[in-house]
Amino acid sequence: MMSGFSRSSAAGLLAAASVLTLAACGSGSAETSATDGKPQVVAAFYPLQWLSEQVGGSDVQVSVLTSPGVEPHDVELGIQQVTALRDAALTVYIKGIQPAVDDAVNADKSFDAATAVATLPAGEHAEEEGEEAHGHEEVSYDPHLWLDPARLATVATKLGERLGAADPAHAQAYKDRAAKTATTLGALDQEIAKGLTTCKSKTLVTAHEAFGYLADRYKLKQVGITLDPETEPSPARLSEVAKLARAEGVSTIFTETLVNPKVAEVLANEVGAKTAVLDPLESKPSGDYLSAMRDNLKTLQTALGCMA
Ligand SMILES: [Zn+2]
């Protein structure tokens, strides 16, 4: 802690002494606490970390609040993380995923990616079951927007603008990298759209309702067993999903890397389906966002019987 503070003030002194002209844009938003003076960007969880690294490039230092392998919804923040978050030039998060992060962010130095795109309403069976919305938050929309690459491209563009505002000296570089990232995501979107054009089935039965945006973008229908990965489904919900899966001839029930597959396995057994892992990318995959989405595409093509 001590060294963190002294590095921070040394960097501040250096900046103040060497570049007086910076004072002109000095609302404080570009203050940095990095050892090498780079703005600190704190990403709430993996897809936002990936995006921040793509858009921020070598002009920022990106850290992530949710460690790999940890389910992000119920993350709790330690003092160090709250401090990092408070000192960051920009925190990138999605309101409604992690209540602890929602509570800790500084409104002036944070970017809520949900504000950049058209959101979808929260899961339909929330009220019937009396469950609270995802992550105990009272947001009325589905927060899993990163699973639509087209929406994530829009977020990339906006993130480039926000980084440019926080660090005006590198605004053009942020803008350029944001444009490049948006192009890459646009190409991924086209690839997935093409890959899912001709499929026998359009119904995704998933462990938790993380894939609403993917379903929306590629005209699939998501049936989530639960809204929240921490919630056990009620027997009523399970039999409802089983009935639906049989009626729609579902061949595969999707499980997730970080969610116990037991419920999905029981359901698959009951309706005579297989299980396969579909990654909601809530934690770092073995590759990166792009490769994990391509793996998801392959999984979907097999499960839904799509013509390549
Ligand atoms: Zn989720």
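Visitor: Which spacing do the donors of the zinc ion follow along the chain?
Guide: In this predicted model, the zinc ion has as its protein donors His73 (NE2), His144 (NE2), His208 (NE2) and Glu282 (OE). Read along the chain, these donors give the spacing H-x70-H-x63-H-x73-E.

Visitor: What is the arrangement of the four donor atoms around the zinc ion?
Guide: The protein donors lie 2.0 to 2.2 Å from the zinc ion. Four donors count as tetrahedral if all angles lie between 85 and 135 degrees. Because the angles subtended here are 95 to 127°, the arrangement is tetrahedral.

Visitor: Which residue in strand 8 stands opposite histidine 208?
Guide: Strand 7 (residues 203-208) pairs with strand 8 in the parallel sense over five bridges. Together with helix 8 (residues 212-217), the two strands make a right-handed β-α-β unit. Strand 8 (residues 221-226) has five of its six residues buried. The residue opposite histidine 208 is threonine 226.

Visitor: Is lysine 219 buried or exposed?
Guide: Lysine 219 is placed in the loop between helix 8 and strand 8. Although it is not a glycine, lysine 219 has a positive phi of about 55°. Exposed means over 50% relative accessible area. With a value of 66%, lysine 219 is therefore exposed.

Visitor: Is leucine 281 buried or exposed?
Guide: Leucine 281 lies in the loop between strand 10 (274-277) and helix 11. Its phi is positive, near 60°, in a residue other than glycine. Because its relative accessibility is 0%, leucine 281 counts as buried.

Visitor: Which residue in strand 10 stands opposite threonine 255?
Guide: Strand 9 and strand 10 pair in the parallel sense over four bridges. With helix 10 (residues 262-271), they make a right-handed β-α-β unit. Opposite threonine 255 stands valine 277.

Visitor: Which residues of strand 9 are buried on the side of Ile253?
Guide: In a regular strand the side chains alternate between the two faces of the sheet. Strand 9 (residues 252-255) is covered on both faces, with Thr252 and Phe254 buried on one side. Strand 9 also pairs with strand 7 in the parallel sense over two bridges, and valine 205 stands opposite isoleucine 253 there.

Visitor: How many of the eleven residues of helix 2 are buried?
Guide: The buried residues of helix 2 (residues 46-56) include Tyr46, Trp50 and Val55. They pack against several elements, among them strand 1 (40-43), helix 6 (149-166) and helix 7 (171-195). Helix 2 is largely enclosed by the rest of the structure, because the number of its buried residues is nine.

Visitor: Which residue just after helix 2 takes a positive phi?
Guide: The buried residues of helix 2 include Gly56. Just after the helix, a positive phi of about 55° is taken by glycine 57.

Visitor: What percentage of the residues in the protein is buried?
Guide: The protein has eleven helices and ten strands. Its accessible surface comes to about 14400 Å², with 54% belonging to carbon and sulfur atoms. Of the 308 residues, the buried ones make up 50%.

Note on methods. Residues are numbered from 1 along each chain as its sequence is written. This is a predicted model: local features need pLDDT of at least 70, side-chain atom pairs count only at pLDDT 80 or more; totals for chains, interfaces and linings use all residues. Side-chain values use heavy atoms; hydrogens and water are left out. Buried means under 20% relative accessible area, exposed over 50%, partly exposed in between (1.4 Å probe, protein chains only). Two strands pair if DSSP finds at least two bridges between them. A crossover is right-handed if, with the strands pointing away from the viewer, the path from the first strand over the helix to the second runs clockwise. Accessible areas come from the Shrake-Rupley method with a 1.4 Å probe; for residues, only the protein chains shown count as cover. Donors are N, O and S atoms within 2.8 Å of the metal (3.2 Å for Na, K and Ca); water is not among the atoms, so sites may look incomplete. Four donors count as tetrahedral if all angles lie between 85 and 135 degrees; four count as square planar and six as octahedral if opposite donors are over 155 degrees apart and all others between 65 and 115; anything else is irregular. Contact means heavy atoms within 4.5 Å.
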